[in-house]
Amino acid sequence: APQCKWTVLVDSSSVSAKAFDAACLFLSAQQAKPRDHQLLVLHAYNSEDDRDRAAHLQGKFIAMSYESNLIKARRIYERICSKRLRTKIFSTEYKKSAEPVEVCHQNLIKGVQNVEHAPALVASLLRTSSEEIGSHYIFMGSFGEGGSKVGQYGTVTDYLVRLTNATCFIVNNWRALPKVGEPVCVVVAVDGEQTSMRAVEEVMSLTKASDRVVALIVSRHRGPKDEEIMAKANALAAAVRSRGQPVATFGCHWEELKEGKGTAAKVICEVAESLEADFLALGSTNLSPGSLSRESVNILGSTALYCSHHAKCHSIVVKPTP
């Protein structure tokens with residue numbers, strides 16, 4: 001199997017250090033999985049800005065300060081998994097631009113509908129994580145050391161979670177994170193569509209035996225469609241388990257969407273909290289017939305957008321298969 005690449009976006013903020021811990025948490029669950037893994041730290045800096053900063057806040061120092069974290073991650077991984085963990089630091093310089101840089105979804109040919117403009121920092125991180133690294137998973141803090149916030153996200157997180165092909169883990173600064181080896185609870189919002197069912201399979205493949213995964217279905221009335229969705233989710237979880245690797249216990253939870261209680265997205269956030277979720281996983285967008293196609297969507301689907309911004313727990317946004 002090809003090497004799986006786990007990328008952590010870092011800056012001088014404490015939440016990016018927490019994102020690094022989240023990557024180590026999920027990496028430690030890969031002990032019986034056949035793939036080789038590489039943990040990478042990615043930081044982008046601008047020399048002009050660094051001139052006015054203290055030495056410990058300058059770009060190259062921030063990236064290199066994670067060398068000790070990577071050594072610790074290797075020791076933990078190799079002790080638990082009895083395999084070698086490859087690690088690498090990417091410190092990339094970008095040039096500030098008065099005008100935003102044109103970017104597009106990385107797995108799409110550039111076209112009128114899928115192009116938008118982003119800050120030069122975002123364009124640099126997007127290019128490096130996709131083209132130079134080829135990230136499978138990207139871990140990032142919900143907001144960083146500076147810039148403007150977009151809802152609950154910082155600028156970089158808001159752009160990256162929408163534009164990258166990689167599955168994104170968004171770590172909140174105010175929420176506790178399980179330690180390596182502790183059980184993790186992941187709630188996966190499912191509606192039967194392609195990306196939400198892929199989220200079930202993706203999350204199950206990342207878990208260990210002590211973890212718990214709950215597929216959450218929200219609808220006004222429990223009917224045949226809900227039963228079909230639950231059966232499909234159970235089948236996917238069973239398929240992952242049949243590979244002979246230790247994975248989480250799996251179950252389904254149906255929640256009624258009551259009149260006057262808000263949207264399904266709001267209910268998903270509330271139920272995830274009641275189920276004591278550490279992470280809420282969501283498919284990035286709806287690809288079903290009649291919905292906007294992937295080629296014309298330059299934002300997350302409405303449910304993924306709301307939940308990832310408003311959930312009190314950490315978030316996982318699973319992208320469609322490239």
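Trainee: Which residues of α5 are buried?
Mentor: In α5, the buried residues are A120, V122, A123, S124, L125, L126, T128, S129 and I133. Buried means under 20% relative accessible area, exposed over 50% and partly exposed in between, with a 1.4 Å probe and protein chains only. This is a predicted model, where local features need pLDDT of at least 70, side-chain atom pairs count only at pLDDT 80 or more, and totals for chains, interfaces and linings use all residues. Residues are numbered from 1 along each chain as its sequence is written, and side-chain values use heavy atoms, with hydrogens and water left out.

Trainee: How many residues does helix α5 have?
Mentor: Helix α5 covers residues 120–133 and has 14 residues. Its first and last C-alpha are 18 Å apart, close to the 20 Å expected at 1.5 Å a residue. That expected span is 1.5 Å times one less than the number of residues. Helices (H or I, at least four residues) and strands (E, at least two) are DSSP runs, numbered from the N terminus.

Trainee: And what follows α5?
Mentor: G134 does, with a positive phi near 75°.

Trainee: Switching to rings. How many aromatic pairs are there?
Mentor: The count is 8 aromatic pairs. Rings of Phe, Tyr and Trp (its six-membered ring) pair if their centres lie within 6.5 Å; planes under 30 degrees apart count as stacked, over 60 as edge-to-face and the rest as tilted.

Trainee: Why is the pair of W6 and Y137 tilted?
Mentor: Their planes are at 45°, so the pair is tilted, and the ring centres are 4.7 Å apart. W6 sits in strand β1 (residues 4–9) and Y137 in strand β6 (residues 137–141), 131 residues apart. Both W6 and Y137 are buried.

Trainee: What about F26 and F279?
Mentor: That pair is edge-to-face, 5.1 Å centre to centre with 75° between the planes. F26 is in helix α1 (residues 14–27) and F279 in strand β13 (residues 279–283), so the pair ties together parts 253 residues apart in sequence.

Trainee: Which residues do ring pairs link into a cluster?
Mentor: W6, F26, Y137, F139, F169 and F279.

Trainee: Last topic. What lines the largest cavity?
Mentor: Its lining is C24, L27, S28, A73, I76, Y77, L85 and V180. On a 1 Å grid over the protein atoms alone, a cavity is a set of points where a 1.4 Å probe fits but cannot get out, and lining residues have an atom within 4 Å of a point. Helix α4 (67–81) gives the most to this lining, with 3 residues.

Methods. 1 Å grid on protein atoms, 1.4 Å probe; cavity = no way out; pocket = protein on both sides within 12 Å on 5 of 7 lines; lining within 4 Å.
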